[in-house]
Protein chains: 4
Amino acid sequence: MNHAIRKSNDLGTFEHYESSVRSYCRSFPTKFHRASGYQMWDVEGKSYIDFFAGAGALNYGHNPPEMKKKLINYLMEDGISHTLDMASEAKEAFLVQFNKAILKPRGLNYKVMFPGPTGTNSVESALKLARKVTGRQTIMSFTNAFHGMTLGALAVTGNKFKRKGAGVPLNHAVSMPYDGYMGANTDTLAYIESYLKDSGSGISLPAAVIVETLQGEGGINVASNEWLTGLSEICKRYGMFLIVDDVQMGCGRTGSFFSFERCGIVPDIVCMSKSIGGYGLPMAITLIKPELDQWSPGEHNGTFRGNNLAFITATEALSYWETNQFAEDIAAKGALLRNELDEIVAKFPELKGEARGIGMMQGIAFEPGIAERISIAAFERGLIMETSGTDSEVIKIMPPLMIDRDGLMEGLLLLKNSVENVVDNKNTVLSH
Amino acid sequence: MNHAIRKSNDLGTFEHYESSVRSYCRSFPTKFHRASGYQMWDVEGKSYIDFFAGAGALNYGHNPPEMKKKLINYLMEDGISHTLDMASEAKEAFLVQFNKAILKPRGLNYKVMFPGPTGTNSVESALKLARKVTGRQTIMSFTNAFHGMTLGALAVTGNKFKRKGAGVPLNHAVSMPYDGYMGANTDTLAYIESYLKDSGSGISLPAAVIVETLQGEGGINVASNEWLTGLSEICKRYGMFLIVDDVQMGCGRTGSFFSFERCGIVPDIVCMSKSIGGYGLPMAITLIKPELDQWSPGEHNGTFRGNNLAFITATEALSYWETNQFAEDIAAKGALLRNELDEIVAKFPELKGEARGIGMMQGIAFEPGIAERISIAAFERGLIMETSGTDSEVIKIMPPLMIDRDGLMEGLLLLKNSVENVVDNKNTVLSH
Amino acid sequence: MNHAIRKSNDLGTFEHYESSVRSYCRSFPTKFHRASGYQMWDVEGKSYIDFFAGAGALNYGHNPPEMKKKLINYLMEDGISHTLDMASEAKEAFLVQFNKAILKPRGLNYKVMFPGPTGTNSVESALKLARKVTGRQTIMSFTNAFHGMTLGALAVTGNKFKRKGAGVPLNHAVSMPYDGYMGANTDTLAYIESYLKDSGSGISLPAAVIVETLQGEGGINVASNEWLTGLSEICKRYGMFLIVDDVQMGCGRTGSFFSFERCGIVPDIVCMSKSIGGYGLPMAITLIKPELDQWSPGEHNGTFRGNNLAFITATEALSYWETNQFAEDIAAKGALLRNELDEIVAKFPELKGEARGIGMMQGIAFEPGIAERISIAAFERGLIMETSGTDSEVIKIMPPLMIDRDGLMEGLLLLKNSVENVVDNKNTVLSH
Amino acid sequence: MNHAIRKSNDLGTFEHYESSVRSYCRSFPTKFHRASGYQMWDVEGKSYIDFFAGAGALNYGHNPPEMKKKLINYLMEDGISHTLDMASEAKEAFLVQFNKAILKPRGLNYKVMFPGPTGTNSVESALKLARKVTGRQTIMSFTNAFHGMTLGALAVTGNKFKRKGAGVPLNHAVSMPYDGYMGANTDTLAYIESYLKDSGSGISLPAAVIVETLQGEGGINVASNEWLTGLSEICKRYGMFLIVDDVQMGCGRTGSFFSFERCGIVPDIVCMSKSIGGYGLPMAITLIKPELDQWSPGEHNGTFRGNNLAFITATEALSYWETNQFAEDIAAKGALLRNELDEIVAKFPELKGEARGIGMMQGIAFEPGIAERISIAAFERGLIMETSGTDSEVIKIMPPLMIDRDGLMEGLLLLKNSVENVVDNKNTVLSH
């Protein structure tokens, strides 16, 4: 069997050798080879515009040149690659730069934990710590939340299909309605607070609340500033820790480095991963208010806590945040994006689309079935774009943040063509 | 504050900015910079012989030249770095080579799952799958087992301190006595089977048994071939899946690629990580018998499943296994190592040492307190060597497998000096 | 120490010998001796009107003469007392009469299970069965619900203090808002249904919903007929079993034998205890739709399933239900009671009372602190009356159903005096 | 349908109206009517010798005359029947007499808790309290243990069939090998202690150990005095509470009032029910060392805590214990019983019987299948006798303790005939 070594888009190797759990290769059925900035190429040389950005791990684009240079240099000079949580020069540089470029300018003094290189690992560490410090067990999470696939993180994730995968009951968590879940006119915080203050509500006082300020996987649901501020106040009032999961929404995705900057809250714990490594390399950090940093040495650990290649690129990535320029660019491109999405919504009223999101995390919700067909049409046209939401009813537009105006417009043109195509086919089907 | 940018061993940055959870930087208090093969250098240029090998993630040594070359080339040509579980050329090459060099020659036909880039992630995926396929919930694990830090993996880990870190009860697991746990004369399999066959034993039939063939973190406890074979038979008899956690013991650590080759069993599921990536880069795979590969697409996922840089080095690493040479070398060095350890044990009878382990996973158990002092003395002499076991009572010798005879003997000399030093100080203390 | 055998109200014996867990003897600090109908006498001969009725276990009053006669006859002729779940003549007579007087006239064909002689035991059996038949684990329960003190029943009970007593996390239950919990204008069923239909809500499909049609312990909260009917429809729509806990509200307390007759729903499982035994004797039954009666023999058991003395009185008690007279009497007395409560509310507007309840399960909610003082004043005046609700903010009026008009008016007069007394003292306090 | 009111052994009523969960009526398929001492009569007047004693609830026999007299008097004078945990004269008398006749002479000063009228309720209260006081969650229980059917008690019960009935995972418990479980030559305490002292064993320090001194349901397994004493010492050494479940073995069943008197240990908590009420009436108590009585008022409650009819008979029952006579009688009859059982074992060597038990809790273990056939043959001959053990392989002989020598010998004669009959049939079958 030598089919696999041909440079072709034959996916037989994956069908033969890989587990049936694989998924994105089914949505984007080609074999990728090279990538740069907002573009990807498959083995046959076909290029794609990337409106997916590694599910948020490639905010700075594919293989950003400055990071690449640093990375190759580090490799060339035999910089140490793997250090667990030993001290290394590369790690020190990251810590210093993270403080200088990110924490200090924002008046924050979080301790940095390296919990293992994935988002779910950061979430697990955050939940452990909140439980340890409070001595309580329940975590409050939200409808349509997504926090990860390991058992602790899965217990605070809303998705029924993913939860069922656990194979055991997922406990010690209580799922509350996210902002807007009960309709625009219902204040879900009032509901949440009634459960907390009422000693007959059937739930224990949670150790912490874990929240995404904008739910990406859950369908691009934006929590309002008022809701987030109110939630933060409830946390203080009841002595619960506020954990913001900024794994996908952090690193500038919604416009600022931390997604919660827009509403001025200061979480007790922040989970980061995905783009924190800068180059798509596995890395995660958990930020902890100093007074909560009550870990014993080694109480949480992991073999790949010390991914020095990622520290090199992560440090370089932070230079994007030394001035306001990057944030301003995201805002401008986000506005442009919203404009274009509104236009699409307006142009195809029969699709009953609803533009959603902020910054470079936007999308359009459609009736079930539409979004997936648009995504397929887009792939055929050279655009990588995922769907999200419970019923995959939302197209999710999250290009690399460094995409230029031309790239953005080119991708949006492909999107429009794809929508048009879906509409046409729909009409065709209907007219027969 | 500019202390952190000096090239010195000042660890102030870590003390100021990093969480108190950090641990190895306390045992090896220097700042590492460069590494090659079995050697590491700190920022002041001091060199260390590495008898730790990244806790098993660096079986092929630091920055192995062939892998480095492939990695740099891939980076230079803008090879795609991050692909989730999309198909990529680099991933295909790994799958093909893994089949050719590893599975096929051993008559195995596992499906390969990429569960996220860490060992704990592989364990979580294995437990999920066993529970899904059987519809049962309990997992049988063993005393002194170590399987990871996320909630699912932690539930099958023996260590009390780590377990307590969970902050919630760890359930759906039953801890049974490992080979030798109840003394050399007690057959723990008989005990285990009595619990399984007796309908009054108070435990449900487990979905699976998860086992390390040699417990590294647990104190270098070797399960005998008979015990492993017997366990495998019990699994078949009762319809439980056998999961071998080869995260640390795989990739040649005990002499063969898979640690279970020595006893001829074929697990239903195998967890691998650490050295599978070859270069210390985060990567993990879960091997699944085809008939158990009942995952739905995306039922378990993770952002860093597609670490293509690791695929590049992982593929290259497998060339070590194309002939028998590597395995033979490990066997020879393992024999040498055991010889030397026996000599140390014999030379210092007052320490009541007991040599343990197989292949390049060996150590000496001492009375409590001794091993840690030896480890400290070793570090001072330029040898990186960890302890393991419940009371850190075992020195754990796991050099990179590629270490040459000279390097091994040099490290062992440092070890002997360290032991001597501890003995002398002990005697000094005692003589006063 | 012989203080305990004096016929006096000295409670020293209880203070010396009984656990600190005792509670009602603190609210009603006297030593009871004799009782008849709606009256109780303490050892000093003081009489009390009973507006408490053994928390619902004495709907037919204390020592009802016809039951007493049957009971004494049975004892005299050496009728068998204890039979586990062997067949006995007394049990047969109960089964026959229960079918004839209760089930058949209502068109019901429940199977009768004897789960052990307490309400919590009936609830545990109902939850077990629902989980067995559906293969699902979660039970939906409601805010302010009360279902019992053993671990399974406690998990579906809302009260925080009682739940904390478990000492372990209470899982496999989800607490949803009862009718009216979110204010009169919010339809809690809509909220519940959104959680069920949304696959991102974070809760699994429950095996069953357990509900009280009127929450007694929870503060005399009445679910409307529409809400109960809607809940029943949701259960059907989603394939969840509907369990009505009629332990306290059954046996005529709200006007009909089953509390759910007022809204026409037919639960899948009904839990009964308290007054089912007729004479305050421990007995419970679980009613099960025949198609759900999938128990294996002995799958749930208990030593006191076969309390034949209770079967004797229970059978006799059912004769109350052979005509409509008893239900009509309850309705008439309930109306009278509501009238009087409304009058009290109107007369003391400064107390901001709110009359609640239906049938002979009524009360008045006050601002916190008031109800307990009224209860104390009532006891001093010879009226036994409990409080309920999260903050004991509700006086709970549940006389034996057989109380006559004179008894009811006499008790209400004592109640009015007590309220007046509390108001006077309050004013006195305020005027200083 | 009038089949049910005939005085016949037709069990149609039960088949039509009662749940399929019923079990003893299947083993003893007749309809009981009257009972006295060690005899029971069915509706057709057939008499049975009772070697079952209500599963231990009828230690004083059926309808003991002195208790019956007191009970009828109490009913005649309208003594209060149901009091929850209010103070009553009948309850006071019990507390005083329990202290005088039981606790004081044994130098014990337990506080008495009334947890609800069943054994499982007592066990639930004991587990709650141990968890509350220690702040720990795990309970250590034993293989083949039986503690009850509600969720907390079921979690510490060994039987797989009963456990499965829970429908949810049973957690917070660890099942350890009972005395003799691993064969006569293995010291299970050593095994247990290794799990406790080893910080890598995978189990948390339990809050308490719950144990039966002799396992009745589990197959008449007697724990030796040395084992029980050793267990008690382990509890002290590790700060775990020792809970003795004396629900079935207490009240004289094994020779002394408390079953643990034979080995001199003093449990921290004792669970009692079954015969504590004296007349087969539902009643339970939990005995608590004063320093552990840290309940808040009402933290555990239950409607039928105050079963005054049971208090009346319970108080009278304690007069059996005012002298040593009763204990001496049990010892004598127990010795006689053992003699006879040994004889049966010797007479039928082909059955490979093994006599087990102490006091009036004895039996013979056979190969699977034999015991059940003996039980059936015995019923046909007028002897009520149950089987126990995982595979119902043990005939369980537990007559009322008050049985006289004649009754005992008569029952044993029926037993011998039954065994003979089974042997004959077996031989007949074999000879064909």
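The model is predicted. Chain B and chain A bury about 9,500 Å² between them, while chain A and chain C bury about 2,400 Å². Over all chains, the count of salt bridges comes to 68.

**Interface of chain B and chain A**

- The size of an interface is often given as the accessible area lost when the parts come together.
- Of the roughly 9,500 Å² buried between chain B and chain A, 61% lies on carbon and sulfur atoms.
- Chain B brings 110 residues to this contact, and chain A brings 110 residues.
- Six salt bridges are found across the interface of chain B and chain A.
- A salt bridge joins the side chains of Glu92(B) and Lys31(A), at 3.1 Å from N to O.
- Polar contacts across the interface of chain B and chain A involve 54 residue pairs, with both residues at pLDDT 80 or more.
- The side of chain B that touches chain A is made up of 50 nonpolar, 34 polar and 26 charged residues.

**Interface of chain A and chain C**

- Chain A supplies 28 residues to this contact and chain C supplies 28 residues.
- Carbon and sulfur atoms carry 45% of the area buried between chain A and chain C, which is about 2,400 Å².
- On the chain A side, the most area is lost to chain C by Lys160(A), Tyr181(A) and Ser199(A), together 23% of what that side buries.
- Between chain A and chain C there are zero salt bridges by the rule used.
- Polar contacts between chain A and chain C number 19 residue pairs, both residues being at pLDDT 80 or more.
- Three elements of chain A, namely helix H8 (160–164), strand E7 (173–176) and helix H9 (188–197), each give at least two residues to the side that touches chain C.
- H9(A) gives the most to that side, with four residues.
- Sorted by class, the side of chain A that touches chain C holds ten nonpolar, 15 polar and three charged residues.

- Leaving aside residues up to four places away in sequence, Phe98(A) touches Leu103(A), Val112(A), Phe257(A), Phe258(A), Ile276(A), Ile285(A), Leu287(A) and Leu318(A).
- Helix H13 (residues 370–380) of chain A has these buried residues: Ile370(A), Ala371(A), Ile374(A), Ser375(A), Ala377(A), Ala378(A) and Phe379(A).

**Two individual residues**

- Val133(C) belongs to helix H6 (residues 119–134) of chain C.
- Val133(C) counts as partly exposed because its relative accessibility is 22%.
- In sequence Val133(C) and Leu292(C) are 159 residues apart, but their C-alpha atoms are 6.9 Å apart in space.
- Beyond residues up to four places away in sequence, Val133(C) touches Phe241(C), Leu292(C) and Gln294(C).
- His172(D) sits in the loop between helix H8 (160–164) and strand E7 (173–176) of chain D.
- His172(D) counts as buried because its relative accessibility is 11%, and the cut-off for buried is under 20%.
- Apart from residues up to four places away in sequence, the residues that His172(D) touches include Pro169(B) and Asn171(B), Val168(C) and Pro169(C), and Arg131(D) and Gln137(D).

**Salt bridges within chains**

- In chain A, the side chains of Lys416(A) and Glu343(A) form a salt bridge of 3.9 Å, N to O.
- This pair links helix H14 (residues 405–431), which holds Lys416(A), to helix H12 (residues 325–347), which holds Glu343(A), across 73 residues.
- Glu343(A) is partly exposed, at 45% relative accessible area.
- In chain B, Lys396(B) and Glu217(B) form a salt bridge of 2.7 Å, N to O.
- Lys396(B) is in strand E18 (residues 394–397), and Glu217(B) is in the loop between strand E9 (214–215) and strand E10 (221–222), 179 residues apart.
- Lys396(B) is buried, with a relative accessible area of 0%, whereas Glu217(B) is partly exposed at 25%.
- In chain D, Asp268(D) and Lys289(D) form a salt bridge of 3.3 Å, N to O.
- The residues of this pair lie in two loops of chain D and are 21 residues apart.
- Asp268(D) and Lys289(D) are both buried.
- Glu217(A), Glu386(A) and Lys396(A) are joined into one network by salt bridges that share partners.

How values were computed:
Residues are numbered from 1 along each chain as its sequence is written. Chains are lettered from A and ligands numbered from 1 in the order in which they are written. This is a predicted model: local features need pLDDT of at least 70, side-chain atom pairs count only at pLDDT 80 or more; totals for chains, interfaces and linings use all residues. Side-chain values use heavy atoms; hydrogens and water are left out. Contact means heavy atoms within 4.5 Å. Buried area is the accessible area (1.4 Å probe) that two parts lose on being put together, summed over both. A salt bridge is a side-chain nitrogen of Lys or Arg within 4 Å of a carboxyl oxygen of Asp or Glu. A polar contact is a pair of N or O atoms within 3.5 Å; within protein, one must be able to donate a hydrogen and the other to accept it, and residues adjacent in sequence count only if both atoms are side-chain atoms. Ala, Val, Leu, Ile, Met, Phe, Trp, Tyr, Cys and Pro count as nonpolar, Asp, Glu, Lys and Arg as charged, and the others, Gly among them, as polar. Buried means under 20% relative accessible area, exposed over 50%, partly exposed in between (1.4 Å probe, protein chains only).
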